[in-house]
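Hi,

Here is the structure I promised to pass on to you. Have a look at it first, and then read on for my notes.

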Amino acid sequence: MASKAAAFKEEGNKCFQDGDFKGAEILYTKAIQKDPTNPLLFTNRAFARLRLQSHEGVISDCLKSIEILPQNMKAYNHLAQAQLALHHPNEALASALTAYNICLATNNGSATAISALVLKAKKEKWEKLEKERLRMRNELVVELEERLELASDREMDAIDDRRRRYEINDIELAEERQILEVVTRQKIEELRSVFAIADTELHRREVPEYLIDSISFSIMHDPVMTKTGQSYDRATILEHLKRSQTDP
């Protein structure tokens, strides 16, 4: 059975290389049916499904592969990509970090690529939190504006009551109503200005220079310091040291 599975796998690999991802998926499925205990077959099908953007299938295959082989770096890599595509950045970050740690533990050459995936997941996570912050901010502005308008309406009713009790005349009524309208508009404008200033301050945030890797010029997610006191991202400095033993 294993030999038949291997034959289907080879055919699937050829289809994948030719860009026939659907054909590759079908052949990997046949291979799995012959040898369902081989974790690499699930990883291969997950990769084909990733290209087909069948992300739920990718997740299912990756979880099965990890169940059989817990330290399967490729499975965690594909899993993180599928989770990102389905807008689950928290889960994607956990999967990408696991893949990265496996790379470091096994001295796998994919550490740089996985490091980029970790950063992408962190960015997606931050953007999701930022969208939620803006949504809550907008809801808060609307709520506060409504409260100001309700307070104004109550004061308008109080002014009208005073007129009905003949405490003020028509001219005074018009003047007080106009003053209240102006004051309410000013309060709403001041409220909007405060939130606008706050947003401007938040959008001015920049990444500090010490968080930038001087080799890749990207944000470091796993910084390490050399003897000279210079910090680099672990993946990029390890890649550099393969080419040269000097401190860049």
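Starting with the cysteines: there are 0 disulfides in the structure, which is a predicted model. Cysteine 15 counts as buried because its relative accessibility of 17% is under the 20% limit. Cysteine 62 is buried as well, with a relative accessibility of 0%.

Let me take you through the ones I looked at around helices H7 and H8.

Arginine 177 pairs with aspartate 160, and their closest N and O atoms are 3.0 Å apart. Since arginine 177 belongs to helix H8 (residues 170-203) and aspartate 160 to helix H7, this pair ties together parts that are 17 residues apart in sequence. Arginine 177 itself is partly exposed, at 28% relative accessible area.

Another salt bridge joins arginine 162 and glutamate 176, with 2.8 Å between the closest N and O atoms. Here arginine 162 sits in helix H7 and glutamate 176 in helix H8, so the pair ties together parts 14 residues apart in sequence. Both partners are partly exposed: arginine 162 has a relative accessible area of 28%, and glutamate 176 has one of 24%.

Then there is aspartate 170, which forms a salt bridge with arginine 163; the closest N and O atoms lie 2.6 Å apart. Arginine 163 counts as partly exposed, at 22% relative accessibility.

Elsewhere in the chain, salt bridges link Lys22, Glu25, Arg45, Arg49 and Asp61 into a network.

With a relative accessibility of 45%, aspartate 157 counts as partly exposed.

There is a nonpolar patch on the surface too, made up of Leu40, Ile68 and Leu69. Together, these three residues have about 210 Å² of accessible area. Leucine 69 lies in the loop that runs between helix H4 (55-68) and helix H5 (73-85), and this leucine is partly exposed, with a relative accessible area of 35%.

Those are my notes, and I would be glad to hear your thoughts.

Best wishes

Definitions and conventions: Residues are numbered from 1 along each chain as its sequence is written. This is a predicted model: local features need pLDDT of at least 70, side-chain atom pairs count only at pLDDT 80 or more; totals for chains, interfaces and linings use all residues. Side-chain values use heavy atoms; hydrogens and water are left out. Patches are made of residues with over 30% relative accessible area and no salt bridge: like charges are joined within 9 Å, nonpolar side chains (Val, Leu, Ile, Met, Phe, Trp, Tyr) within 5 Å. Accessible areas come from the Shrake-Rupley method with a 1.4 Å probe; for residues, only the protein chains shown count as cover. A salt bridge is a side-chain nitrogen of Lys or Arg within 4 Å of a carboxyl oxygen of Asp or Glu. Helices (H or I, at least four residues) and strands (E, at least two) are DSSP runs, numbered from the N terminus. Buried means under 20% relative accessible area, exposed over 50%, partly exposed in between (1.4 Å probe, protein chains only). A disulfide is a pair of cysteine sulfur atoms within 2.5 Å.
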